Amino acid sequence: KQIEVSTPKRTKEIIQKHGFSFKKSLGQNFLIDSNILNRIVGAAELTEEKGALEIGPGIGALTQRLAQEAKKVTAIEIDQRLIPILSEIFEEESKVNVVHADVLNVDLHQLFKEQFADCSKVSVVANLPYYVTTPILMKLLEEKLPLEHIVVMIQKEVAQRMAAKPGGKEYGSLSVAVQYYCTTEIVCTVPHTVFIPQPNVDSAVIKLTLREKPAVDVEDEAFFFRVVQGAFAQRRKTLMNNLLGLTGKDKRAELTELLDRIGIDATRRGETLSLEEYAVLSRALAQSGL
Ligand code: SAM
């Protein structure tokens, strides 16, 4: 059996042996707590039939646990210095495949074809670099990859925004975008002490479960998201004033009539509208040609 990577002692040994120095700019905070790893891996519901895509394996603390549960693990790591370290650690683990790349530049559909053709389902499981959390997650969702779950450690505030319901200050265009594609569950919040080095922000594990079809019916997704973005553009402003920013100031009368017709009060704020209301609004706006 392989020695566990994630213990503080082993992590320090690996780092010292290879003379590795952490790069803050790459969001390198490695996990050194097996309980948290168990929570992450447990939430992913892996089996010996399923595949796991990891983004940012670091020295492989999570990768190792994923390999114990899944049929196959593909891990995409941007930092060239970690590639030989990972090769050495997983020398005898044929389930693990490390790809040296920036995940934002990877053709993930192609990678899925190459790596996961023989897996029944695939989930993304990762302790994400915090500086690119949102672009990475939006790439996974917008490219409509055939994923079961996305279980990721991210900054706590971002997790709360993704899972937020209408009405609160955390609810915004990110909540709508994520919930359009997924159901959300915050698995646990995580103290700084489980990382080396310790990050300056609080962390949480969030589980996104991909919906079979989007939460609401919209004819034109790009337009729907433009309307949502527009409605949240200035949070202190009313829905009407934010929508005027989209349509042009001279459309007040038409907008008043439209909002009246669909039963949405023009003085509400964007943060109070549900996904269903955004869908109704964007369909009405699209039809009106405003
Ligand atoms: N999974 C490891 C763990 O839990 O200990 C490391 C997690 S660390 C928070 C994030 C990892 O993502 C680092 O190894 C970093 O080099 C890598 N990374 C940062 N930006 C990346 C990118 N754009 N594409 C792929 N990997 C990236």
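How many nonpolar, polar and charged residues does the shell around the ligand have? The model is predicted, with local features requiring pLDDT of at least 70 and side-chain atom pairs counted only at pLDDT 80 or more, whereas totals for chains, interfaces and linings use all residues. Residues are numbered from 1 along each chain as its sequence is written.

The shell has 14 nonpolar, six polar and three charged residues (Ala, Val, Leu, Ile, Met, Phe, Trp, Tyr, Cys and Pro count as nonpolar, Asp, Glu, Lys and Arg as charged, and the others, Gly among them, as polar). In total, 23 residues surround the ligand, each with its C-beta atom, placed from the backbone, within 6 Å of it. Phe 30, Gly 56, Gly 58, Asn 127 and Pro 129 are the closest. At least two shell residues each come from strand E1 (30–31), helix H3 (61–69) and strand E3 (72–77); helices (H or I, at least four residues) and strands (E, at least two) are DSSP runs, numbered from the N terminus.

An unreviewed UniProt entry annotates residues 36–212 as "domain: Ribosomal RNA adenine methylase transferase N-terminal". This span is 34% helix and 27% strand, and its end C-alpha atoms lie 29 Å apart.

Helix H9 (residues 221–231) and helix H12 (residues 275–288) have axes, fitted to C-alpha atoms over the stretch in contact, that come within 9 Å and cross at roughly 110 degrees. H9 and H12 are therefore roughly perpendicular (65 to 115 degrees). Phe 223, Phe 224, Val 227 and Val 228 in H9 meet residues of H12 including Tyr 278, Leu 281 and Leu 285, with C-beta atoms, placed from the backbone, within 7 Å.

Terms used
Axes are lines fitted to C-alpha atoms, for helices over the stretch in contact, and angles run from 0 to 180 degrees between N-to-C directions. Angles under 35 degrees count as roughly parallel, over 145 as roughly antiparallel, 65 to 115 as roughly perpendicular and the rest as oblique. Two residues are in contact if their C-beta atoms, placed from the backbone, lie within 7 Å. UniProt positions are given in the numbering used here, feature names are shortened, and annotations may be inferred rather than shown by experiment.
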